[in-house]
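Here are a few exercises to work through with the coordinates open beside you. Try each task before reading its solution.

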Amino acid sequence: MPKHIICQELEPKPKLASEPSPARAAWSASLAYRKRGPWSCIEARIKTVRILVVDDHDIIRRGLRHLLTARQGWEVCGEAKTGREAIALAEQMKPEIVVMDISMPELNGLEAARRIHALLPKTAILILTLHFSDQLVRDIVEAGARAYILKSDTDRDLVSAVEALANHQTFFTPRAAEILLDGFNTKNSGVAARAFTRNRLTSREREIVQLLAEGKSSKEVAAALGISVKTAETHRANIMRKLEVHSVSEVVRYAVKNQIIDA
């Protein structure tokens, strides 16, 4: 048998199969690397992160876009002004990350976060807000958000927070992390959580609280949500019963206290 045939038979070949083996994958990658060159291989490792920016102020959205797109591989795939727009765009574009304010008209960031998380559980949500409170931190986590920073700390923390989310990690300020840890360790936290759950408003009721607090009548609430006036009035009555209030002004105070609307 000729020598060159012997050498050819002794040379290892990748195993052909319907599912490539690790050896075949490595061999293919090595061959592709030799064909493309080292720089192409480095460029291929840069992961594109698509980010949806949500804030009702144009100047803030522009600032966020500037900070985010300065990072190689990050792109802002869309912008929304309200929670409703955010849900629609998230469902359409399926971004890896949503950066969202809490205080927005029509539907606030917490409600939008809950619905986006339910629709797209793999999409990471970063809440960006002016507000800070123990209860707000817990509400943000409950809504499905995995990162929380204050607007005053945006220049310092935004890139780090988005980078953490892109790597499937969470990002909370030290104080927020301490609040969450204390909540798990508190002996009476289970009792408090059960009491909170019993009195909790539904997602639709929280949405109506915001509309009422913004000055909408039952007729306007019905038109905004595509429901009958009678259904809107039933929701309103249930809300007041659950909150143990007797006037819209008290509903407004509840909405301000719980950061559903700005004061």
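**Exercise 1. Which residues of the largest nonpolar core touch the most other members?**

Before starting, note that this is a predicted model: local features need pLDDT of at least 70, side-chain atom pairs count only at pLDDT 80 or more, and totals for chains, interfaces and linings use all residues. Residues are numbered from 1 along each chain as its sequence is written, and side-chain values use heavy atoms, with hydrogens and water left out.

*Step 1.* Collect buried Ala, Val, Leu, Ile, Met, Phe, Trp, Tyr and Cys residues joined through side-chain atoms within 4.5 Å. Buried means under 20% relative accessible area, exposed over 50%, and partly exposed in between (1.4 Å probe, protein chains only).

*Step 2.* The largest such core has 28 residues, and V54, M100, I116, I125, I127, I140 and Y148 touch the most other members.

*Step 3.* Elements giving two or more residues to this core include β1 (49–54), β3 (97–101), α6 (109–119) and α7 (134–142). Helices (H or I, at least four residues) and strands (E, at least two) are DSSP runs, numbered from the N terminus.

*Step 4.* A second, separate core has 21 residues, among them V49, V53, A147 and F171.

**Exercise 2. Find which residues of α7 are buried, and where they lie around the helix.**

*Step 1.* The buried residues in α7 are L136, V137, D139 and I140.

*Step 2.* Look down the axis of α7: the buried residues fall within an arc of 165° (taken from the directions from the helix axis to the C-beta atoms), so they line one face of the helix.

*Step 3.* Leaving aside residues up to four places away in sequence, I140 touches I102, L110, I127, A145 and Y148, where contact means heavy atoms within 4.5 Å.

*Step 4.* Just after α7, G144 has a positive phi of about 105°.
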